[in-house]
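I wanted to get to know one protein chain by looking things up in its model, bit by bit.

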Amino acid sequence: MNPQLAVMASIRGGVFTRADARACGYSDADIDTLLDTGSWRRIRRGTYAAHRSLMLVTDEVVHLRRVYRVLHDSGPDVYASHQSAAALHALPVWGLDLSRVHVTASNGRSGRLRGVHRHIRDPVGPGLQLWNKLPMASPARAIAEVAATAPTVPAVVLADAALYAGLVNRRTLKRAVTLLDNGNKRALTVLDHLTGAASVGESRLRFILARAGLPTPTPSPPLETEDPDVPAEGLWFPDERTVVEFEPRFPFWCEEFEPSVEEPFPELTAADPDGPQPVEHCWISWADLDDPPTVADRIRTTFTRAARRTGIRHFDLARARM
């Protein structure tokens, strides 16, 4: 089940309709095949559920159901916006406030009432769409709204996820920010810190690296972890001979971009016949990411330890000449 259909199933309490599946990119032939093979089961005519599915009622699921009810009970000119629209686009809403449903309209009373935050814009502006009868802001506009109102780190994570899924690019994000808030400085700061990460954990870690002024890791895959039993991903710093491993949490996933085969790690060649130079490893857990200064200090310490083992010293070009 792709992320978009998972959203519709969350809204409907674990089930979905044939129209939902079609709106999420499934053809009638695909639907029939999934039913025939038992991957999906028929609950009643035109209504299905994933086989042996277990719908966990998380804060995000509760928020999605509230969004659906608010849109269903409101007029045709009310659109889901901000983090509510982002959730409908199956984007991760980690770190965002889900206590209120966010909608935007061109008239009426603005403010917070009965768990709904109503934003008034006259005119409502561009970047609106209708998906499976649900009026909402486009991915680019929803990210721009979140970037202008939410804490920076969750907004960066949200934008990274949309970039990874191919829903937006840097140009469309910049245009959405410009059209919505005339270049809102807070939102532009978010665009300056996009990391190209593939998970919430990696996005947070890369953000910490950038804010601390640490080197940028290479796009190449890291070396294999020392302990194959520990699930981890890593960032490779070849100049510092360091791999920073971190706990993979909440990976960004898009069915269209799901890799079909596992890419092998490239083998590093040594400059001398004695083999490759020593490599240091630094482990960052999910809980560590809540303390950015400590994370930065641990990575700097690992760089220093690697330099002592390899004897490599990097000349600081920014250092003033005597």
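These are my entries, starting with the ground rules and the whole chain.

**Ground rules.** I am working with a predicted model, where local features need pLDDT of at least 70 and side-chain atom pairs count only at pLDDT 80 or more, while totals for chains, interfaces and linings use all residues. Residues are numbered from 1 along each chain as its sequence is written, and side-chain values use heavy atoms, with hydrogens and water left out.

**Whole chain.** I looked up the helices and strands and got 11 helices and 12 strands. Both are DSSP runs numbered from the N terminus (helices are H or I with at least four residues, strands are E with at least two). Next I checked burial: of the 322 residues in the chain, 42% are buried. Buried means under 20% relative accessible area, exposed means over 50%, and partly exposed is in between (1.4 Å probe, protein chains only). The accessible surface of the chain is about 18,100 Å², and carbon and sulfur atoms own 50% of it. That area comes from the Shrake-Rupley method with a 1.4 Å probe, and for residues only the protein chains shown count as cover. I also looked at contacts (heavy atoms within 4.5 Å). Among those between residues at least 6 apart in sequence, 59% join residues at least 24 apart.

**Phe-16.** I picked Phe-16, which sits in strand 1 (residues 16-17). Is Phe-16 buried or exposed? Phe-16 counts as buried because its relative accessibility is 0%. Leaving out neighbours within four places in sequence, I found Phe-16 in contact with several residues, including Met-1, Leu-5, Trp-40 and Gly-46. Gly-46 is 30 residues away from Phe-16 along the chain, yet their C-alpha atoms are separated by 8.5 Å.

**Nonpolar core.** A nonpolar core is a set of buried Ala, Val, Leu, Ile, Met, Phe, Trp, Tyr and Cys residues joined through side-chain atoms within 4.5 Å. The largest one here has 78 residues, and among the members that touch the most others are Leu-5, Trp-40 and Leu-173. I followed up on Leu-173: not counting residues up to four places away in sequence, Leu-173 touches Ala-140, Ile-143, Ala-159, Leu-163, Val-168, Leu-191 and Leu-194. My side note: in soluble globular proteins, nonpolar side chains tend to be buried together.

**Salt bridges.** How many salt bridges does a search of the whole structure find? The search finds 11. The rule is a side-chain nitrogen of Lys or Arg within 4 Å of a carboxyl oxygen of Asp or Glu.

- Asp-20 bridges to Arg-12, with the closest N and O atoms 2.6 Å apart. Asp-20 is buried at 1%, whereas Arg-12 is partly exposed at 31%.
- Glu-145 bridges to Arg-141, with the closest N and O atoms 3.0 Å apart. They are 4 residues apart, about one turn, and both lie in helix 6 (residues 139-149).
- Asp-290 bridges to Arg-204, with the closest N and O atoms 2.8 Å apart. This pair links distant parts of the chain, 86 residues apart: Asp-290 is in the loop between strand 12 (280-284) and helix 11 (292-310), and Arg-204 is in helix 10 (residues 200-211). Asp-290 is exposed at 59%, but Arg-204 is buried at 6%.
- Arg-18, Arg-22, Asp-28 and Asp-32 are linked in a salt-bridge network.

I traced an open sheet of 3 strands, with order 10-11-12 and mixed pairing. Strand 10 (233-237) and strand 12 are at the edges with a single partner strand each, so one side of each has no neighbour in the sheet. The twist averages 20° from one strand to the next. Two strands pair if DSSP finds at least two bridges between them. Strand 11 (residues 242-246) and strand 12 run parallel and are joined by 5 bridges. Glu-245 stands opposite Trp-283 in strand 12.

Most residues other than glycine have a negative phi, and most peptide bonds are trans. I found a cis peptide bond from Asp-122 to Pro-123, with omega near 0°. Pro-123 is in the loop between strand 7 (116-120) and strand 8 (128-131). Asn-132 has a positive phi, near 50°, and lies in the loop between strand 8 and strand 9 (134-137). Lys-133 has a positive phi too, near 70°, and is exposed at 77% relative accessible area.

How values were computed:
Axes fitted to C-alpha atoms, helices over the stretch in contact; angles between N-to-C directions.
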